[in-house]
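Colleague: Please take a close look at one part of this model, the metal site, and then go on to the ring contacts and a charged side chain elsewhere in the chain.

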Amino acid sequence: MSVLPILCWPDARLKQVCAPVAGDVSALAADMLDTMYAAKGRGLAAPQVGHMVRLFVMDTGWKEGARRPQVFVNPELVVSYDRFESGEEACLSIPGVAARVMRPPEVLIRWTDLEGVGHEAQMTGFDARCVQHEMDHLNGLVIFDRLPPEHRAQMEKDYAR
Ligand code: ZN
């Protein structure tokens, strides 16, 4: 297990759509969890460490309680609602930036675990926000891509300083 270097925006790999996972990614997932905890994050997607596959890890509550690592292989958003809420998001690939992003507060997500077992769960609250943020990474999107144009321009300028 090891801590991997995290790519920073605007690295071109953060703008690519990732391919489905085929084969065993348990070693990569373990490294991604180590990397996420070391960076004090709550979620990390494979493209953020240069692996262009549909995989992310998440543990939204570890700073407040016990670690509960979750691995999502080939995740799919099944339903997202047409209601949106604003919430603050940070990203390990855009250090020092926090942006308010509009997202549905509830989603139904389907994924496979490392043993190949399928799961489906209704997520709400910060979990819902986090899975949508990580799903965006798998589709080549970051929080900047979710902002209105003027707000985005300002945020990118602040980040570039
Ligand atoms: Zn991110």
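Modeller: A definition comes before the ring count: rings of Phe, Tyr and Trp (its six-membered ring) pair if their centres lie within 6.5 Å. The model is predicted.

The metal site comes first. The zinc ion has as its protein donors C91 through SG, H133 through NE2 and H137 through NE2, at 2.1 to 2.2 Å. Along the chain these donors follow the spacing C-x41-H-x3-H. C91 lies in the loop between β4 (85-90) and β5 (98-103), while H137 belongs to helix α2 (residues 125-138), so the pair ties together parts that are 46 residues apart in sequence. Both C91 and H137 are buried.

Helix α2 also holds D136. The relative accessible area of D136 is 6%, and buried means under 20%, so D136 counts as buried. Leaving aside residues up to four places away in sequence, D136 touches R103, L141 and R146.

Now the rings. Searching the whole structure gives 6 aromatic pairs. One aromatic cluster is formed by W9, F144 and Y159. A pair of aromatic rings is described by the distance of the centres and the angle of the planes.

Charged ends sit over rings as well. R67 places its charged end over the ring of Y37, 3.8 Å from the ring centre. For R42, the charged end sits over the ring of F126, and the distance to the centre of that ring is 5.7 Å.

Key. Residues numbered from 1 in each chain as written. Predicted model: local features only at pLDDT ≥ 70, side-chain atom pairs only at ≥ 80, totals over all residues. Heavy atoms only, no water. Donors = N, O, S within 2.8 Å, 3.2 Å for Na, K, Ca; no water. Helix = DSSP H or I, 4+ residues; strand = E, 2+ residues; numbered from the N terminus. Buried < 20%, exposed > 50% of the residue type's maximum accessible area, 1.4 Å probe, protein only. Phe/Tyr/Trp six-rings, centres within 6.5 Å; stacked < 30°, edge-to-face > 60°. Lys NZ or Arg CZ within 6 Å of the ring centre and 35° of its normal. Contact = heavy atoms within 4.5 Å.
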